[in-house]
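Here is a briefing on one structure. Look over the sequence and the model, then read on.

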Amino acid sequence: MIKNVIFDIGNVLAGFNWTSYIHKIFTDETLIEKLRSAVWDEGRWDRLDWGADFSKVLASMINAAPECEQELRFMFSRIGECVSRYDTSVAWIQDMKARGYNVYYLSNYSRAIMDANHEALDFLPYMDGGVFSCDVYLLKPDPAIYRCLLRKYNLVPSECVFIDDLERNIQGAINCGFHGIRCESVEQAQRDLNKLLEEEKTCL
């Protein structure tokens with residue numbers, strides 16, 4: 001029986017779109033590609049989500065594209081703009097709580113983004129807790145991060161459903177015994193979650 005609904009954050013409870021953000025502040029496509037490579041190649045952004053020191057990660061990005069140092073620093077000075085608040089999140093969480101489910105988050109999320117845009121995370125006080133990757137030095141889909149959440153709240157995997165926008169993270173949860181729903185849109189994820197919960201009730 002499902003007792004716990006576990007949410008990813010980016011593109012599930014809040015918007016995350018680095019590509020739109022970078023195109024908003026720069027127009028030169030050659031520059032944008034250099035910045036993309038410096039930020040994302042060789043797992044540099046992942047290191048932020050993992051919890052590495054921001055100044056060291058930024059330095060590694062600058063080393064990857066020294067001619068773009070000014071642009072990289074400017075990009076990170078406004079980095080909170082790549083995250084957007086969803087009006088649907090608090091109501092979705094409250095609905096799950098009203099129906100008797102515990103609600104948690106499990107997210108690859110960096111302290112840099114968190115500190116830059118608190119408003120996008122206004123749903124957190126309504127949740128029962130969760131795990132941010134940057135706090136535990138683990139990243140989805142590493143099985144250890146799913147087990148970390150289970151241990152922290154004494155959860156049973158078969159009693160959990162996990163919602164994420166990335167298939168690899170859903171598969172990681174399923175491999176650990178969770179139910180999984182991929183979020184391609186909030187409306188679709190809500191429908192699929194309600195269907196799963198209703199189907200389970202009819203089987204009891």
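Leaving aside its neighbours within four places in sequence, which residues is K140 in contact with? They are D8, L106, S107, N108, I145, Y146, F162, D164 and N169, where contact means heavy atoms within 4.5 Å. The model is predicted: local features need pLDDT of at least 70, side-chain atom pairs count only at pLDDT 80 or more, and totals for chains, interfaces and linings use all residues. Residues are numbered from 1 along each chain as its sequence is written, and side-chain values use heavy atoms, with hydrogens and water left out.

- K140 sits in the loop between α8 and α9; helices (H or I, at least four residues) and strands (E, at least two) are DSSP runs, numbered from the N terminus.
- K140 counts as buried because its relative accessibility is 5%; buried means under 20% relative accessible area, exposed over 50%, and partly exposed in between (1.4 Å probe, protein chains only).
- The side chain of K140 makes a polar contact with that of D164, at 2.7 Å.
- A polar contact is a pair of N or O atoms within 3.5 Å; within protein, one must be able to donate a hydrogen and the other to accept it, and residues adjacent in sequence count only if both atoms are side-chain atoms.
- A polar atom of the K140 side chain also lies 3.1 Å from the backbone oxygen of L106.
- K140 and G172 are 32 residues apart along the chain, yet their C-alpha atoms are separated by 7.3 Å.
- The peptide bond from K140 to P141 is cis, with omega near 5°.
- P141 belongs to the loop between α8 (133–136) and α9 (143–153).

**Helix α9 and its ends**
- D142 caps the N-terminal end of α9, with a side-chain oxygen 2.9 Å from the backbone nitrogen of A144.
- A144, I145, Y146, C148, L149 and L150 are the buried residues of α9.
- These pack against β1 (4–7), β4 (102–107), β5 (130–132), α8, β6 and α10.
- Just after α9, N154 takes a positive phi of about 55°, although N154 is not a glycine.
- N154 lies in the loop between α9 and β6 (160–164) and counts as exposed at 70% relative accessibility.

**E42 and R44**
- E42 has a phi near 55°, a positive value in a residue other than glycine.
- Most residues other than glycine have a negative phi, and most peptide bonds are trans.
- E42 is in the loop between α2 (29–40) and α3, and is exposed at 75% relative accessibility.
- R44, in helix α3, is buried, with a relative accessible area of 10%.
- Leaving aside neighbours within four places in sequence, R44 is in contact with S37, A38, V39, V57, S60, M61 and A64.

**Helix α5**
- L72, M75 and F76 are buried in α5 (residues 69–77).
- They lie on the same side of α5 because they cover an arc of only 90° around the axis, taken from the directions from the helix axis to the C-beta atoms.
- Exposed Q70 and S77 are on the face turned away from the buried side of α5.
- The buried residues of α5 pack against α1 (18–25), α2, α3 and α4 (54–64).
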